[in-house]
Amino acid sequence: MEPKNIKLTPQQEIERRTRRSFMVMGGGALVGTAGLATLLSGAPEGDIPPGLRKILGFNESVVRTALYSNDHLVQTYPASAIGKQKVNGDVGIDTDLDMAAWKLEVVPYRATAPALQLTMDDVKSLPRHEETIDFKCVEGWSTVSQFAGARLSDFTAKFAPGSAEAPCVGMRTPDSEYYVSIDGPSAMHPQTLLAWEMNGNPLEEDHGAPLRLVIPVKYGIKNIKRIGRIEYTAQPTKDYWQERGYDWYSGL
Amino acid sequence: MDATAQLPQGLEEKHKLATRWFHWINFPILSLMIASGMFIYWAYDPYRVGLGSITLFHFFPDWFYNVTQVGHKLNLGMAIHFALAWIFALNGVAYVLYTAISGEWRELVPEKKSFREAALVAMHDMGFKVALPPQGRYNAAQRITYTLIVFMGALSLVTGLAIYKPAQLNSLLALLGGYEWARWEHFWLTMGYVGFFGIHIGQVIKAGWANFRSMVCGYDIAATKEVGHGA
């Protein structure tokens, strides 16, 4: 500190202030860099640093508390809006579908009995819903597609009563190569379907025959194809893209 | 920091302490938002300058991705973007509140005469010999640009939120023209910052050390001010 009784010239005064401001800026830069380094350091949790994973979790809680509602529907379109279709992702469906062997395993919330084994006829006994929605890929592109199938909430009420309250729903392909974990509210959203038709035709193998998840309040990565097992759980289960650095919630 | 109430003799206050903090926090944060935004954009990069089948420039060419190494980082890009967005948003909102409450906005927003004067400033800066109109803290061109950039920041936040949660923010998304338009708007706002940055740096270099120093320490030496430029 300069003694108070010495009068500085304006030039000296501004130099003193500039020096001090640069020191403060340097300190700020150090703090900022340290903060960023902390955010990016540590053993990766699902392929991204744990600090970033924590913030994704924080964002999720903010969205789920302040924004998300099952009354918020995604926009629907007329059939004429159906755009050019794209096939993306073949993990878990790269072998030919063996319909004779296919069955849908269902494990209700807090189940004590062995898993249910359902057929397509069982699933198709539910009320059929059709929706034309904008399917959004995490990469940034989107495509308007029409899907038809049963609401997962209807499915749950019939085949896994009491499971609508489950905090999470896990699904995986018959070969367990692809798997997703979804929060309960999003799974019970009225536009979340177990779909067997796409754009007016039976679902093709590339698009997830015989039964796929269509959950327009999530990115495409959660819309698992060729479902082999549905499990209602208390905790998040394995999620393919969460393990590869993406947000577990991935909600839209 | 010193209480700014007592103006040191011979010095003239140029930028308030708060303004300088907002500015210097925004600079690195916005840079990191743009970098992580590039990680995200790379995964689906349809934008270009062109007409019909003629493309003058595609955002971005392979050489650009090779040089910048932004490829294959979508997961990291999203995580960083949605973390730092908090700081970008809070700093921006705090700045707007501060400017509104302190009354600083009066020196910042364009006036009726600003648009005509800005043309003169632009001509002067391009080397034409025109007389500069008397200026306050910010000249007419600065008033227009700095106000515009604040609006752009707000729009970046709004378009970003709409792309981030398009289902929950359905009506906001519709207002912006839908999902694809919102992403397009978000991208071009970013290109706007890059353009602004280039011009801004050029102007700062041209204005010289004393001007830059005033954005660091807040003051300039009163005697150095030119007649007609006084605040």
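**Notes on the predicted model**

1. Helices α1(A) and α9(B) are oblique to each other, because an angle counts as roughly parallel under 35 degrees, roughly antiparallel over 145, roughly perpendicular from 65 to 115, and oblique otherwise. Their axes are 8 Å apart and the packing angle is about 60 degrees. Axes here are lines fitted to C-alpha atoms, for helices over the stretch in contact, with angles from 0 to 180 degrees between N-to-C directions. The crossing of α1(A) and α9(B) is left-handed, that is, the near helix is turned anticlockwise from the far one by less than a right angle (clockwise would be right-handed).

2. From α1(A), residues 10-40 of chain A, this contact takes Ile14(A), Arg17(A), Thr18(A), Ser21(A), Phe22(A) and Met25(A), and from α9(B) it takes Arg213(B), Val216(B) and Cys217(B). Two residues are in contact if their C-beta atoms, placed from the backbone, lie within 7 Å. By class the contact of α1(A) with α9(B) has five nonpolar, two polar and two charged residues. Ala, Val, Leu, Ile, Met, Phe, Trp, Tyr, Cys and Pro count as nonpolar, Asp, Glu, Lys and Arg as charged, and the others, Gly among them, as polar.

3. On provenance: this is a predicted model, in which local features need pLDDT of at least 70 and side-chain atom pairs count only at pLDDT 80 or more, while totals for chains, interfaces and linings use all residues. Residues are numbered from 1 along each chain as its sequence is written, and chains are lettered from A and ligands numbered from 1 in the order in which they are written.

4. The contact between the chains involves 36 residues of chain A and 31 residues of chain B. On the chain B side, α1 (17-42), α3 (74-102), α8 (179-207), α9 (209-217) and β4 (219-221) each give at least two residues. Helices (H or I, at least four residues) and strands (E, at least two) are DSSP runs, numbered from the N terminus. The largest share of that side, eight residues, belongs to α3(B). Its classes are 22 nonpolar, five polar and four charged residues.

5. Within chain B, α3(B) also packs on α6(B), residues 140-164, where the axes come within 11 Å and cross at roughly 140 degrees. This pair is likewise oblique, and the crossing is left-handed. Ala85(B), Ala89(B), Gly92(B) and Val96(B) of α3(B) meet Val150(B), Gly153(B), Leu157(B) and Gly160(B) of α6(B). The contact of α3(B) with α6(B) has five nonpolar, three polar and no charged residues.

6. Chain A has five helices and ten strands. Its C-alpha trace spans about 95 × 45 × 35 Å along the principal axes.

7. Which residues does Ser250(A) touch, not counting residues up to four places away in sequence? They are Val138(A), Lys218(A), Tyr219(A), Ile221(A) and Lys222(A). Ser250(A) lies in the segment after β10 (229-233) of chain A and is buried, with 24 other C-beta atoms within 10 Å. A residue is buried at 20 or more such atoms, exposed at 12 or fewer, and partly exposed in between, with C-beta atoms placed from the backbone.
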